[in-house]
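Colleague: Could you walk me through this one? I'm still learning how to read a fold.

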Amino acid sequence: KKTIDTRLVVSDCGSLIHALGKWVNEMLQPIMLTQKTYFKNTPELIKLLRDLGPIPSNASIFTYDAIKMYPSIKTEECTIP
């Protein structure tokens, strides 16, 4: 039977880290919005790509995703003794 890859989901709502993340987001928003590489969402990305015109035949557009990124990290190899 084939298994389905899943991702761990942990809620941090109301935690200190959540509050810190909100603060960091607020501080970085003005900087992020000025970046030439920033796009708001998928429809905006699609529009940007269409506005480029024809894509050369030797060009590739791709995406990638990390599956089980954190659970697969061998923490014993990443820590300094």
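**Talking through the chain**

Modeller: Gladly, and please keep in mind that this is a predicted model.

Colleague: Is Lys36 buried or exposed?

Modeller: Lys36 counts as exposed, because its relative accessible area is 85% and the cut-off for that word is over 50%.

Colleague: Back up a bit, how many helices and strands does the chain have?

Modeller: The protein chain has three helices and zero strands, which gives the pattern α-α-α when you read along the sequence.

Colleague: What about α1, how many residues does it have, and where is its kink?

Modeller: Helix α1 runs over residues 16-32, so to speak 17 residues, and spans 23 Å between its first and last C-alpha, close to the expected 24 Å. The kink, of about 25 degrees, is found at Glu26, shortly before the proline Pro30.

Colleague: New topic: what is the radius of gyration of the chain?

Modeller: For the protein chain the value is 19 Å, whereas a compact globule of 81 residues would come out near 12 Å. Along the principal axes, the C-alpha atoms fill a box of roughly 50 × 45 × 30 Å.

Colleague: And what share of the residues is buried?

Modeller: Buried residues make up 0% of the 81, and the chain exposes about 8400 Å², of which carbon and sulfur atoms supply 63%.

Note on methods
Residues numbered from 1 in each chain as written. Predicted model: local features only at pLDDT ≥ 70, side-chain atom pairs only at ≥ 80, totals over all residues. Heavy atoms only, no water. Helix = DSSP H or I, 4+ residues; strand = E, 2+ residues; numbered from the N terminus. Expected span 1.5 Å × (residues − 1). Bend = angle between axes of the 7 residues up to and from the residue. Buried < 20%, exposed > 50% of the residue type's maximum accessible area, 1.4 Å probe, protein only. Rg over C-alpha atoms; globule rule 2.2 N^0.38 Å. Areas by Shrake-Rupley, 256 points an atom, 1.4 Å probe, with all protein chains shown as cover.
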